[in-house]
Amino acid sequence: MTVSGQPGGSLWTEHDPGPGYPSLRGAIRVDVAVIGGGMAGLCTARELARSGRTVALLEADRIAYGVSGHTTAKVSALQGSAYSRIRKTRGDDAARQYAESQQDAVAHVRQLAGELGIDCDLEPAAAYTYATDPQHCEELRREADAAQAAGLDARYVEEAPLPFPVSGAVRLDDQVQFHPRKFLLGIAADLIRNGGKILERTRVTDLSEGSPCRLTSSAGHTVEATDVVVATHYPVFDRGLLFTRLEPKREVVVAGPLPPEGLAPEGMFLTEENNTRSIRSAPHDEHGRMLIITGEKFTPGDPKDRGAAWHFQVLTDWAHHHFADFAVTHRWATQDTFSTDHVPFVGRLHPRADHAYVATGFAGWGLSGGMMAARLLTSLVTNSPSPWADLYDPARFHPLAEGTSMLRLGAKTARHLVADRLPGGRADSVDDIAPGQGAVIRGDGEGPQAVHRDTSGTLHRVSARCTHLGCIVHFNEAEAAWECPCHGSRFDMNGSVLQGPAVHPLESYDEEGEGG
């Protein structure tokens with residue numbers, strides 16, 4: 001079964017874009033500069049402004065529009081099989097600290113929404129990690145045991161309120177789901193009320209650490225700050241070599257209205273089966289609800305992957321099979337970064353950093369993780385002790401827990417740097433590129449070119465070398481984007497950066513496009 005018509009994009013970005021904020025002009029001086037306008041960045045900036053610091057937040061596009069505007073918007077301390085994994089790799093104390101910090105984040109989201117009067121469709125909900133295959137029930141029992149040992153009131157159950165049978169599940173009550181953009185626009189408004197600045201459409205391309213630190217934008221304007229926080233999902237400045245310990249993954253999302261007579265699933269649901277399925281519902285219009293289903297993890301830009309369009313179709317077919325009369329009206333994709341030891345990196349940007357900090361590696365849980373990061377980073381910047389600092393410290397390294405994953409990531413990057421430059425998997429000439437398609441071709445002495453033919457037949461040529469570390473990008477037909485398989489940078493058809501870690505556009509080989 002196919003998706004009918006042309007579905008809209010993210011449910012969340014349909015919301016009023018907000019007041020709009022100016023771009024950086026000239027030079028300014030603040031106590032703290034925060035790079036990135038998503039959950040981690042906005043909440044960190046707001047917490048620091050409340051502490052009495054002067055704060056400027058710089059966002060390359062619009063705030064609450066990037067990864068945080070394309071999430072499934074679940075805020076939960078129950079996160080798949082996180083506790084059994086952390087217990088195995090880091091021990092019981094680490095799992096307990098992780099549970100405390102994540103549950104604190106859930107409570108703080110609820111508290112802020114109430115205190116600030118943010119109308120963000122916030123709803124308490126039970127979180128479930130479920131399985132349909134009986135062979136996975138023992139894994140769920142281990143996760144329930146690990147979560148309980150970590151201090152969560154989680155329990156193993158044999159049923160879940162879904163319209164299809166499950167073999168078992170882990171349940172944790174009193175978690176939260178909400179509208180992320182509405183929430184973050186409320187946080188932004190409070191940041192402004194506390195004297196903070198928000199600077200949109202300001203891409204930071206250089207960080208000079210010192211006393212003070214100095215940021216430079218793509219337009220040449222500058223910010224001086226005593227402290228800098230890099231909260232750009234995947235770090236755009238990576239002096240701690242975190243790219244060797246982070247893996248980008250993309251997932252697709254489909255959503256549509258539930259029939260009036262249909263019952264919305266009561267809770268938030270996740271399974272790691274079938275390449276991941278995440279299910280929740282959200283308020284829609286005055287009386288109805290939207291069903292939101294996420295899944296189909298894949299590496300962005302991987303030339304061996306079947307492509308985002310295929311993943312959209314697989315997820316849509318799964319949704320139709322499991323939910324009667326479900327029709328897709330919206331679809332989008334989201335991107336996450338996974339650390340090699342299953343715990344985010346939040347703390348000093350690198351071991352020698354005195355005034356530069358980072359937050360990344362939230363593994364699909366960036367809303368709870370972003371709030372946790374805001375609390376932790378604020379304690380670090382204000383020199384207040386935090387019991388969670390060592391757990392999330394980016395300088396940590398556990399060879400037994402991370403070594404295999406790091407070797408795999410390093411080998412993957414090396415393979416793409418070398419093998420993707422060899423012949424194969426490309427178009428021989430631009431004549432082979434159909435309207436709406438893109439391909440990498442050999443340039444005439446200029447290196448490989450990423451060429452897209454738009455629906456009018458006009459060709460758009462850019463360099464195929466990612467400006468981050470030089471891997472070769474590949475075409476994502478479903479989202480009309482060039483994607484790097486090494487570290488997840490994404491670019492539009494004209495080479496402009498859609499998603500980092502790249503901060504510079506792909507070099508253009510066209511002035512205004514060309515016919516073909």
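This is a predicted model: local features need pLDDT of at least 70, side-chain atom pairs count only at pLDDT 80 or more; totals for chains, interfaces and linings use all residues.
1. D92 is partly exposed, with a relative accessible area of 41%. The classes used here are buried (under 20% relative accessible area), exposed (over 50%) and partly exposed in between, with a 1.4 Å probe and protein chains only. The side chain of D92 meets that of R87 in a salt bridge of 2.7 Å, N to O, where a salt bridge is a side-chain nitrogen of Lys or Arg within 4 Å of a carboxyl oxygen of Asp or Glu. R87 counts as partly exposed because its relative accessibility is 30%.

2. Residues are numbered from 1 along each chain as its sequence is written, and side-chain values use heavy atoms, with hydrogens and water left out.

3. The protein chain holds nine helices and 24 strands; these are DSSP runs numbered from the N terminus, helices being H or I of at least four residues and strands E of at least two. Of its 516 residues, 56% count as buried. Among contacts with a separation of 6 or more, 69% are between residues 24 or more positions apart, a contact being heavy atoms within 4.5 Å.

4. The salt bridges number 24 in total. One of the bridges joins D341 and R396 at 2.8 Å, N to O. D341 lies in the loop between β15 (330–339) and β16 (345–348) and R396 in the loop between α8 (389–392) and α9 (399–419), so this pair ties together parts that are 55 residues apart in sequence. Both D341 and R396 are buried.

5. Another bridge is formed by E479 and R490, at 3.5 Å, N to O. This pair links distant parts of the chain, with E479 in the loop between β21 and β22 and R490 in strand β23, 11 residues apart. With a relative accessibility of 24%, E479 counts as partly exposed, whereas R490 is buried, at 6%. Elsewhere, salt bridges that share partners join R46, E47, D190 and R193 into one network.

6. The side chain of R280 does reach two backbone oxygens: that of T72 at 3.1 Å and that of A73 at 2.9 Å. Residues up to four places away in sequence aside, R280 touches several others, including W12, K74, Q177, F178 and M290.

7. S81 sits in the loop between β3 (74–75) and α2 (82–90) and is buried, with a relative accessible area of 14%. Its side chain makes a polar contact with the side chain of R85 at 3.1 Å. A polar contact is a pair of N or O atoms within 3.5 Å; within protein, one must be able to donate a hydrogen and the other to accept it, and residues adjacent in sequence count only if both atoms are side-chain atoms. Leaving aside neighbours within four places in sequence, S81 is in contact with E143 and E272.

8. The model has one disulfide, defined as a pair of cysteine sulfur atoms within 2.5 Å. C471 and C486 form this disulfide, with their sulfur atoms 1.9 Å apart. The torsion about their S-S bond is about -90°, so the disulfide is left-handed. C471 is in the loop between β20 (459–463) and β21 (474–476) and C486 in the loop between β22 (481–483) and β23 (490–491), so the pair ties together parts that are 15 residues apart in sequence. Both cysteines are buried. Two further cysteines are also buried: C43, at 2% relative accessible area, and C213, at 1%.

9. The largest nonpolar core has 82 residues, of which Y83, F183, V346 and Y392 touch the most other members. The largest share of this core, nine residues, comes from helix α3 (residues 92–115). Such a core is a set of buried Ala, Val, Leu, Ile, Met, Phe, Trp, Tyr and Cys residues joined through side-chain atoms within 4.5 Å. Not counting residues up to four places away in sequence, V346 touches, among others, V358, F362, M372, L376 and Y392.
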